[in-house]
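Subject: Structure for you to look at

Hello,

Here is the structure I said I would pass on. Please open it first, then read my notes below alongside it.

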Protein chains: 2
Amino acid sequence: MASTAAVAAPASSSSLCKLHLQSQFHGQQSGLGSCGARQQQGESLSALLLRVNGQHCSSSSGGVGRGGFGIGRRAVVVCKVAPGKKTVVIGLAADSGCGKSTFMRRLTSVFGGAATPPRGGNPDSNTLISDTTTVICLDDYHSLDRYGRKEKAVTALDPRANNFDLMYEQVKALKEGKSVEKPIYNHVSGLLDAPETIDPPKILVIEGLHPMYDERVRSLLDFSIYLDISDDVKFAWKIQRDMAERGHSLESIKASITARKPDFDAYIDPQKQYADAVIQVLPTQLIPDDNEGKVLRVRMVMREGVKYFEPVYLFDEGSTINWIPCGRKLTCSYPGIKFFYGPDTYYGNEVSVLEMDGQFDKLDELIYVESHLSNISTKFYGEITQQMLKHADFPGSNNGTGLFQTICGLKIRNVYERILAEGSTVLEGAKV
Amino acid sequence: MASTAAVAAPASSSSLCKLHLQSQFHGQQSGLGSCGARQQQGESLSALLLRVNGQHCSSSSGGVGRGGFGIGRRAVVVCKVAPGKKTVVIGLAADSGCGKSTFMRRLTSVFGGAATPPRGGNPDSNTLISDTTTVICLDDYHSLDRYGRKEKAVTALDPRANNFDLMYEQVKALKEGKSVEKPIYNHVSGLLDAPETIDPPKILVIEGLHPMYDERVRSLLDFSIYLDISDDVKFAWKIQRDMAERGHSLESIKASITARKPDFDAYIDPQKQYADAVIQVLPTQLIPDDNEGKVLRVRMVMREGVKYFEPVYLFDEGSTINWIPCGRKLTCSYPGIKFFYGPDTYYGNEVSVLEMDGQFDKLDELIYVESHLSNISTKFYGEITQQMLKHADFPGSNNGTGLFQTICGLKIRNVYERILAEGSTVLEGAKV
């Protein structure tokens, strides 16, 4: 266990967010917890407590923190939200290698913090923690390790290789404000490592192959996203990565995709129908017969009637629009940029679709586009552009994947804030 | 000559607008002139003079008006605008039977008045006069009458059948504020009748086959419109009118269209390139293989860089948009409505194109569309819809022809007002 790992709250505690202060570490800013504040150097603890997201939190120092780890002073602050107010749970479904980690980095950036693995923990932990969010990888709920799967001839996509009971129990516990001891699937060794403690964060993101597969887990989600990479693009990406960078043969790449496909179609793909937002990544239609997979057509399929979520629209809500922003005011290089917006049905549900084909050359284009989108849940003019610029080096920052991931981040922040706003915060002394 | 026909001003006069009052006719409101005011019953002449479009005009009564016509009292008011300020001249080119008269009725309605033939004049006069506008038909400049054309085997489309020298001289004179004695081509007899006096109005519309054919006439135009009916639609309309209503055979209709086509292509069609706005009427693309000509796709091609004229746009100026307004907020019946907007080039000139395919079922649809158009030069919210509703019985009121004709009317009003605003009004006593 990491020295900075959160101490599990008693099972009976319904505390939601905790701030752990360990002020003696090298005299640097320290204390990172899900309450979203860092202690400023030289700032008093009491002053800090008044700053924690505007909530008043009580504290104790010493206590549990001392002892086994030889830490000089540790304070645990618990900000308990009103009964019934729980961790907001977001589900992100996607195949491996589909850009989930980039998505997560964009999401946590919207909240102003950087996501890092739990400090001092298992270096192969799949968990990412930021001030506001904790992202757990559902591979950690594999019930069969690499060898077990090989022995039983099942893929990681197969529900039989996954422990949905435990997934449900732990997500439920986290949602209720209880810490859990979550297993770790070691992607390097292919084995299951000793568990790590996960404290209930403000926003819990469960990402992986099956966040919406199990009905019980699905019922815990406050918002869900499916990252849907088309076979053509997946193939182009795999070729680029596995052939160009890892020296695999075209045949072996084709074979691995073909081998995964039946299970993917049976267990992963059907989750789309439950998602509040589906981001579809397709080959461009701007270049005839393009199969390079560099220029992308990205669609965001947004379900209508979802609580706390109003789909983004272009110009005129509920109508159908094709928009080529490139023209007199905005000049774009070949093959240009094309947007589509319109109502549709998706798995029998009413949805709105926003599509971007092509890519941005420079900032002007993005701010121009942003200024014409509505319901984007930004807090100031140009926030999307600012976020995209901040992470210009992330994959997809010049196309619809980056744009729609950023918008999803803003939407998740909005969902979170609206759920939060529904209840008033009640404070309770930390039980340490 | 009609008793109400304006008295031609001396050739040296630069007076632009005149108000003729003939108060003794049946005790009704009377007096209709190009100053745009009617006398209210019981209102004093001097009070009226202060009302004439906000201009102060001088008057005289008696004088020339008395005499040959036996009229009791006649007052002529002349509102002379500053030197250099002239009648605004609008050109409207179109083939016969293409809806020019409807267009003119929509145009004059924008100015608040109804257009009527000159009172008491030749009942076969082609001229239409309203408070603000005078519309003259360029057929009046035929140099060859029906028999002359037959003899020389030229069509009315042929420049040799038209007197461009006289057309130029008279339009120029009117533009300079001088009245003219314009010939009348009698469409019933096919002969040239005795001329009628045309006084310089605020807005002179010259409509017909050749308003932009002659370079000199063209140079007099402040704004020009070409009504471009596609062959398919022309054919469908002819069939409807000539076959269904007049009992012509399909073959004879085809033959008459074919016979006209070479001259039309040679002399009429090329004028498109000079127009500030071209209204193209095409078969719908919403119904596959439609050839009924009932549902229309209408395009307004608007030239960029024209003084006093900013093209209408949809949502985002200078970009390219396809918009189907029918959706969640607006439901339309089959085949729906589709708009297009975007930049283009037309005869080497930069243009913006606004297109409407389909037709309106009811008011909701039009006001919804109007509210999304920009640069429409309305004076209040919903003015287009109000105009269209007012003339719901005019042909094309439910489709793009009516919509774009109305918009052209608003644009012409705007051109007129901006030209007017450039100079200050100077008043001078009427020379009677």
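A residue is called buried when its relative accessible area is under 20%, exposed when that area is over 50%, and partly exposed in between. Glu350(B) has a relative accessible area of 44%, so Glu350(B) is partly exposed. Please keep in mind that this is a predicted model.

Chain A as a whole

Chain A contains 10 helices and 17 strands. Of its 432 residues, 54% are buried. The accessible surface of chain A is about 17,900 Å², and carbon and sulfur atoms account for 51% of that surface. Among contacts in chain A with a separation of 6 or more, 65% are between residues 24 or more positions apart.

Where the two chains meet

The size of an interface is often given as the accessible area lost when the parts come together. For chain A and chain B, the buried area is about 1,700 Å², with 41% of it on carbon and sulfur atoms. The contact involves 24 residues of chain A and 24 residues of chain B.

Polar contacts between chain A and chain B number 21 residue pairs. On the chain A side, strand 14 (320-324), strand 15 (337-346) and strand 16 (349-358) each contribute at least two of the residues that touch chain B. Strand 14 of chain A gives the largest share, five residues. By type, the chain A side has 10 nonpolar, seven polar and seven charged residues.

Side chains of opposite charge can pair when their charged atoms come close. Six salt bridges cross the interface of chain A and chain B. One of them links Arg328(A) to Glu304(B), with 3.2 Å between the closest N and O atoms. Arg328(A) also forms a salt bridge with Glu350(B), where the closest N and O atoms are 2.5 Å apart. Why does this pair join two chains? Arg328(A) is in the loop between strand 14 and strand 15 of chain A, whereas Glu350(B) is in strand 16 (residues 349-358) of chain B, so the pair joins two chains. Arg328(A) has a relative accessibility of 28%, so Arg328(A) counts as partly exposed.

Other salt bridges

Over all chains, the structure has 48 salt bridges. Within chain B, Asp95(B) and Arg260(B) form a salt bridge, and their closest N and O atoms are 2.2 Å apart. Asp95(B) sits in the loop between strand 4 (88-93) and helix 2 (100-110) of chain B, and Arg260(B) sits in helix 7 (residues 250-268) of chain B, so this pair ties together parts that are 165 residues apart in sequence. Arg260(B), at 26% relative accessibility, is partly exposed.

Another salt bridge in chain B is formed by the side chains of Glu176(B) and Lys178(B), at 2.8 Å from N to O. Glu176(B) is partly exposed at 26% relative accessibility, and Lys178(B) is partly exposed at 29%. In chain A, salt bridges that share partners join Asp95(A), Lys234(A) and Arg260(A) into one network.

Three buried residues

Glu365(A) is in helix 8 (residues 363-370) of chain A. Its relative accessible area is 0%, so Glu365(A) is buried. Which residues does Glu365(A) contact, leaving aside its neighbours within four places in sequence? They are Leu330(A), Thr331(A), Cys332(A), Ile337(A), Gln359(A) and Phe360(A).

Arg413(B) belongs to helix 10 (residues 400-422) of chain B. At 6% relative accessibility, Arg413(B) is also buried. Beyond its neighbours within four places in sequence, Arg413(B) is in contact with residues including Val110(B), Phe111(B), Lys379(B) and Glu383(B).

Leu354(A) is part of strand 16 of chain A. Leu354(A) is buried, since its relative accessible area is 0%. Leaving aside neighbours within four places in sequence, the contacts of Leu354(A) include Val298(A), Met300(A), Val312(A), Leu314(A), Phe339(A), Tyr341(A) and Phe404(A). Leu354(A) and Leu314(A) are 40 residues apart in sequence, and their C-alpha atoms are 7.8 Å apart in space.

Regards

Methods. Residues are numbered from 1 along each chain as its sequence is written. Chains are lettered from A and ligands numbered from 1 in the order in which they are written. This is a predicted model: local features need pLDDT of at least 70, side-chain atom pairs count only at pLDDT 80 or more; totals for chains, interfaces and linings use all residues. Side-chain values use heavy atoms; hydrogens and water are left out. Helices (H or I, at least four residues) and strands (E, at least two) are DSSP runs, numbered from the N terminus. Buried means under 20% relative accessible area, exposed over 50%, partly exposed in between (1.4 Å probe, protein chains only). Contact means heavy atoms within 4.5 Å. Accessible areas come from the Shrake-Rupley method with a 1.4 Å probe; for residues, only the protein chains shown count as cover. Buried area is the accessible area (1.4 Å probe) that two parts lose on being put together, summed over both. A salt bridge is a side-chain nitrogen of Lys or Arg within 4 Å of a carboxyl oxygen of Asp or Glu. A polar contact is a pair of N or O atoms within 3.5 Å; within protein, one must be able to donate a hydrogen and the other to accept it, and residues adjacent in sequence count only if both atoms are side-chain atoms. Ala, Val, Leu, Ile, Met, Phe, Trp, Tyr, Cys and Pro count as nonpolar, Asp, Glu, Lys and Arg as charged, and the others, Gly among them, as polar.
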